[in-house]
Amino acid sequence: MFTSKSSPVGVHSVHFCARSLSDLQCHHRSLTSKSVLASREEEAAAAGALTLQAPPNVSTSKMELALAHPALKAFMCGSLSGTCSTLLFQPLDLVKTRLQTMQNNLKPGAPKVGMMSVLIQVVRTENILGLWKGVSPSFVRCIPGVGIYFSTFYSLKQHFFQDGRAPNAGEAVLLGAGARAVAGVCMLPVTVVKTRFESGRYNYVSVFGALRSMVETEGPRALFSGLPATLLRDAPFSGIYVMFYSQTKRSLPQEVSSSPYAPLVNFGCGVVAGVLASLVTQPADVVKTHIQISPSYWTTKDAVHFVYKEHGLRGFFRGAVPRSLRRTLMAAMAWTVYEQLMARMGLKS
């Protein structure tokens with residue numbers, strides 16, 4: 001019987017080949033695992049880089065979102081319109097304040113002191129630039145103040161009239177009064193400083209110096225003197241103004257509102273609304289002025305009593321002409337510029 005036997009050399013060759021194949025497989029697995037680890041490390045590094053780069057992108061998007069917010073756009077438009085109107089009509093505000101604070105010490109038969117008399121006296125004694133005395137606090141007050149007013153007005157209108165309908169007369173009064181009340185309270189300390197600058201009775205050097213002096217000598221309470229009278233003046237004025245302005249614009253034909261002369265028409269509507277609102281709120285403005293220039297703590301009742309005792313009923317309308325001119329022209333210009341800027345930004349005012 002024939003029995004085949006494997007040679008030792010063949011067996012060793014088979015084992016060697018098997019071992020070599022096994023080594024190759026292990027080496028392949030090692031290389032594969034290393035490449036997987038390398039790719040994972042690269043992915044992690046890329047993810048880390050993205051994470052490190054994320055905050056600037058996030059902050060940029062937040063900044064773009066903030067700049068694109070309609071209320072901020074309304075604030076910017078209102079501030080720009082307030083800057084233009086304040087610079088142009090500051091002399092009228094100064095003349096109004098001087099007329100309201102003049103003492104009733106004229107002798108019987110003496111010529112009546114009016115707007116032109118005060119204007120000429122200021123130019124003679126303080127030169128032409130004296131008419132712009134108090135323009136610094138006016139800027140500090142009006143630029144952010146008008147911005148706060150228009151942004152608050154826009155936000156209230158968007159919140160309560162989401163259906164896009166126009167507010168009626170009563171709703172327009174509430175919108176204007178609410179927006180003006182917010183702006184008036186925020187800017188009242190600067191309003192007090194502005195009134196004192198214009199009165200000529202205080203030698204303040206700067207707005208912030210005046211604020212510091214008032215706090216040190218009269219206490220923080222002085223910064224908010226005349227708050228009730230200010231609200232009684234500003235809130236009704238703005239409410240009545242917005243009501244007349246919006247109702248007058250609504251009564252215009254559509255072809256007039258969409259014509260190239262629309263800004264001029266809007267300005268005319270603003271003038272009519274401003275005259276009516278100024279006359280209604282003139283007594284409150286006189287009372288506010290007397291409270292804010294007084295170094296003692298006058299109440300609204302004290303100021304009313306003083307004005308009536310010194311000047312009678314006519315005293316409550318002192319300075320009505322320059323104030324009506326200033327408030328009317330300022331409001332008309334501010335609303336016209338504001339609406340044109342908002343229209344250019346694609347927003348409905």
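## A turn of helix α2

Let's start inside one helix. D93 and K96 sit three residues apart in helix α2, so about one helical turn separates them. Their side chains form a salt bridge, with the closest N and O atoms 3.5 Å apart. Are these two residues buried or exposed? Both D93 and K96 are buried. Keep in mind as you look around that this is a predicted model.

D93 has another partner too: a salt bridge joins D93 to R326, at 3.6 Å from N to O. This pair links distant parts of the chain, since R326 belongs to helix α12 and D93 to helix α2, 233 residues apart. R326 and D93 are both buried.

How many salt bridges turn up in a search of the whole structure? The answer is twelve. Some of the charged residues join up into a network: D93, K96, K194, E198, R233, D234, D285, R323 and R326 are linked by salt bridges.

Another pair to look at is R196 and E218, whose side chains meet in a salt bridge at 2.8 Å, N to O. R196 lies in helix α6 and E218 in helix α7, which spans residues 207-218, so this pair ties together parts that are 22 residues apart in sequence. Both ends are tucked away: R196 is buried, and E218 is buried as well.

## The overall fold

Stepping back, what is the protein built from? It has twelve helices and zero strands. Read along the sequence, the pattern is simply α-α-α-α-α-α-α-α-α-α-α-α. The protein has 349 residues, and 40% of them count as buried.

## Empty space inside

Now for the gaps. Rolling a probe the size of a water molecule over the atoms shows where empty space is left. A search of the whole structure finds two cavities of 30 Å³ or more, and the largest cavity has a volume of about 410 Å³.

Which residues lie nearest the centre of the largest cavity? They are R141, V146, R180, R327 and M330, out of 28 residues that line this cavity. Several helices contribute: the elements giving two or more residues to the lining are α2 (70-101), α4, α5 (169-186), α6 (188-199), α8 (227-250) and α12 (320-344).

## A nonpolar patch on the surface

Over on the outside, V123, I128 and L129 form a nonpolar surface patch, and together they have about 280 Å² of accessible area. One of these, L129, lies in the loop between α3 (115-126) and α4 (135-160). Why does L129 count as exposed? Its relative accessible area is 63%, and the cut-off for exposed is over 50%.

## Cysteines and disulfides

A disulfide is a covalent bond between the sulfur atoms of two cysteines. To count one here, the two sulfur atoms must be within 2.5 Å, and by this rule the count comes to zero disulfides.

Is C77 buried or exposed? C77 counts as buried because its relative accessibility is 1%, and the cut-off for buried is under 20%. C269, with a relative accessible area of 5%, is buried too.

Methods:
Residues numbered from 1 in each chain as written. Predicted model: local features only at pLDDT ≥ 70, side-chain atom pairs only at ≥ 80, totals over all residues. Heavy atoms only, no water. Patch = residues over 30% accessible without salt bridge, like charges linked within 9 Å, V, L, I, M, F, W, Y side chains within 5 Å. Areas by Shrake-Rupley, 256 points an atom, 1.4 Å probe, with all protein chains shown as cover. Salt bridge = Lys/Arg side-chain N within 4 Å of Asp/Glu carboxyl O. Helix = DSSP H or I, 4+ residues; strand = E, 2+ residues; numbered from the N terminus. Buried < 20%, exposed > 50% of the residue type's maximum accessible area, 1.4 Å probe, protein only. 1 Å grid on protein atoms, 1.4 Å probe; cavity = no way out; pocket = protein on both sides within 12 Å on 5 of 7 lines; lining within 4 Å. Points joined across faces, edges and corners; volume = space filled by probe spheres on them.
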